[in-house]
Amino acid sequence: MQGFIDCHCHLSAPEFQHDIEDVLQRAQKEGIFALLAVAEHAGEFERIIELSKRFPGFVLPCLGVHPVQGVLPEDQRSATLEDLDAASPLIQKYADHLVAIGEVGLDFTPRFAGTDSQKDAQRQVLIHQIEIAKCYDLPLNVHSRSAGRPTINLLKEKGAEKVLLHAFDGKPSVALEGVKAGYYFSIPPSIIRSEQQKLVKQLPLESLCLETDSPALGPEKQVRNEPHNITISAKYIADVKGVSLEKVMEMTTQNALKLFPKIQKLVHL
């Protein structure tokens, strides 16, 4: 398959509410043939499913409970099992349509997880979602801010095998532990301004995927990111690895298809 796969983007975000058709058209023109639309909370689930039905074989849904809940910044808090209780029936309802469970993970930013009880609650939410992913034989699309080692350790401990760690902010040495476990790492366009550039240098191309995390993590701070910026990630990886852009496209797409096998069944080429 020729083209790019955006393994992690937030197409249900309010920033895309008024021009999603234009956003997706630009993505297709840039050579993207599949976008994995992830969720953060149960309130987004129906919107993501609706987008996947409006753009079948292009927008591919992933549902999960993010470790930080609350839409408005002032309302944001650490996830609890009650959040998962609200989400689980919908995950079950749409399980056959899903490409992955996500966005799930741990976020130990002190503002959200300043206490042991908050961290423990996040761990329980993640553990339950690892079990959900196993139940439906789906990969995990994982967030791990300020919690790289705890996230990888928990995933390994609970036997998670098919894992994408998106926008990993931990040390490359910790990421390499994930590589040994067979996990993949997706690189957003913000890599060109990120402190995580060592990650791309040290991780093998065989373990890398592409993402945009749109509308966040774009090449410029405070500017809405879009899936078409995927080529920025790809070009950066190509420069660092000393290979062609075509090679990066080929390898990252192969990696994504290995990790998310349902893509091949759903995309229309």
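Colleague: What covers the buried residues of helix 6?

Modeller: The cover includes helix 5 (148-157), strand 9 (184-187) and helix 7 (197-202). Helices (H or I, at least four residues) and strands (E, at least two) are DSSP runs, numbered from the N terminus. This is a predicted model: local features need pLDDT of at least 70, side-chain atom pairs count only at pLDDT 80 or more, and totals for chains, interfaces and linings use all residues. Residues are numbered from 1 along each chain as its sequence is written, and side-chain values use heavy atoms, leaving out hydrogens and water.

Colleague: Which residues of helix 6 are called buried?

Modeller: Pro172, Val174, Ala175, Gly178 and Val179. Buried means under 20% relative accessible area, with a 1.4 Å probe and protein chains only. Seen down the axis, they fall within an arc of 155°, so they line one face of helix 6; the arc is that of the directions from the helix axis to the C-beta atoms.

Colleague: What does Phe185 touch?

Modeller: Its contacts (heavy atoms within 4.5 Å) include Ala175, Gly178 and Val179, not counting residues up to four places away in sequence.

Colleague: Why is strand 1 called largely enclosed?

Modeller: Six of the six residues of strand 1 (residues 4-9) are buried, so the rest of the structure largely encloses this strand.

Colleague: How many bridges join strand 1 to strand 2?

Modeller: Four, and the two strands run parallel. Pairing takes at least two bridges found by DSSP, so strand 1 and strand 2 count as paired. Phe4 stands opposite Ile32 in strand 2.

Definitions and conventions. Buried means under 20% relative accessible area, exposed over 50%, partly exposed in between (1.4 Å probe, protein chains only).
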